[in-house]
Amino acid sequence: MRIQFLKYSAVLGLFFVLAIASVQAQTPGKVEVHVPFDFTAGKTTLKAGAYSIKRTVGNAMVIRRADGESVALVNAPLAIGARDFKGGQRLVFNKYGDQYFLSQIWMTVDSGRQLFPGKGEQQAARAHELARHTKPERIEVAVR
């Protein structure tokens with residue numbers, strides 16, 4: 001009886017190890033994207049161009065321009081999920097007039113990370129709402 005219990009425990013343990021490895025293999029450590037407009041990520045304003053985004057420790061994400069000129073470190077503390085898998089891997093921006101603010105980073109099809117709005121975005125949102133009484137436009141840029 002004890003030997004049988006140990007066999008079942010070993011099989012179950014192996015199953016969990018393989019399941020965890022499978023989930024980690026599905027989450028890319030780094031994605032690349034071309035953003036066609038200037039934008040703000042956290043406290044940093046970045047120029048249009050090619051970027052790589054890498055998840056580091058905890059909720060931190062590093063956004064690095066392909067030429068190495070610009071780097072932004074952002075905190076994306078909120079995990080979000082999607083029911084519609086057609087969206088794909090993408091960056092989501094809030095657009096107020098001609099200003100773009102990074103709002104979400106989707107490194108997989110079904111899970112993303114939400115950034116908190118910074119002071120600049122909060123000011124732009126107030127000005128936009130006073131002028132137009134509308135919500136921001138949502139712009140999505142697909143990850144390569």
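Me: Which residue in strand 6 is the bridge partner of Arg64?
Reply: In this predicted model, Arg64 has Val71 of strand 6 as its bridge partner.

Me: What makes strand 5 and strand 6 a pair?
Reply: Two strands pair if there are at least two bridges between them. Strand 5, residues 60–65, has five bridges to strand 6, so the two strands count as paired. The sense of this pairing is antiparallel.

Me: In what order do the four strands of the open sheet stand?
Reply: The order is 1-4-5-6, with antiparallel pairing.

Me: Why are strand 1 and strand 6 said to stand at the edges?
Reply: Strand 1 (30–35) and strand 6 (71–75) each have a single partner strand, so one side of each has no neighbour in the sheet. On average, neighbouring strands of this sheet are turned by 25° against each other, direction ignored.

Me: Where is Tyr51 placed, and how do you know whether Tyr51 is buried or exposed?
Reply: Tyr51 belongs to strand 4, residues 49–55. Its relative accessible area is 2%. Buried means under 20%, so Tyr51 is called buried.

Me: Which residues is Tyr51 in contact with, leaving aside its neighbours within four places in sequence?
Reply: Among them are Val31, Glu32, Val33 and Val35, as well as Phe39, Ile63 and Arg64. The C-alpha atoms of Tyr51 and His34 are 6.1 Å apart, although the two residues are 17 apart along the chain.

Me: What makes the approach of the Tyr51 side chain to the backbone oxygen of Lys47 a polar contact?
Reply: A polar atom of the Tyr51 side chain lies 2.4 Å from that oxygen of Lys47. The limit for a polar contact is 3.5 Å, so the distance falls within the limit.

Me: How many aromatic pairs are counted?
Reply: The count is five aromatic pairs.

Me: Why is the pair of Phe37 and Tyr100 given the name that it has?
Reply: The ring centres are 3.8 Å apart and the planes meet at 15°. Centres within 6.5 Å make a pair, and planes under 30 degrees apart count as stacked, so this pair is stacked.

Me: What does the pair of Phe37 and Tyr100 tie together?
Reply: Phe37 is in the loop between strand 1 and strand 2, and Tyr100 is in strand 9 (residues 99–106), so the pair ties together parts that are 63 residues apart in sequence. Phe37 and Tyr100 are both buried.

Me: What makes the aromatic pair of Phe39 and Tyr51 edge-to-face?
Reply: The planes of Phe39 and Tyr51 are at 75°, with 5.5 Å from centre to centre.

Me: Is Phe39 buried or exposed, and how do you know?
Reply: Phe39 has 3% relative accessibility. The value for buried is under 20%, so Phe39 counts as buried.

Me: Which residues do ring pairs link into a cluster?
Reply: The cluster holds Phe37, Phe39, Tyr51, Phe93 and Tyr100.

Me: Why is Gly42 called partly exposed?
Reply: Gly42 has a relative accessible area of 42%. Buried is under 20% and exposed is over 50%, so Gly42 falls in between. Gly42 lies in the loop between strand 2 (39–41) and strand 3 (44–46).

Technical notes: Residues are numbered from 1 along each chain as its sequence is written. This is a predicted model: local features need pLDDT of at least 70, side-chain atom pairs count only at pLDDT 80 or more; totals for chains, interfaces and linings use all residues. Side-chain values use heavy atoms; hydrogens and water are left out. Buried means under 20% relative accessible area, exposed over 50%, partly exposed in between (1.4 Å probe, protein chains only). Axes are lines fitted to C-alpha atoms, for helices over the stretch in contact, and angles run from 0 to 180 degrees between N-to-C directions. Contact means heavy atoms within 4.5 Å. A polar contact is a pair of N or O atoms within 3.5 Å; within protein, one must be able to donate a hydrogen and the other to accept it, and residues adjacent in sequence count only if both atoms are side-chain atoms. Rings of Phe, Tyr and Trp (its six-membered ring) pair if their centres lie within 6.5 Å; planes under 30 degrees apart count as stacked, over 60 as edge-to-face and the rest as tilted.
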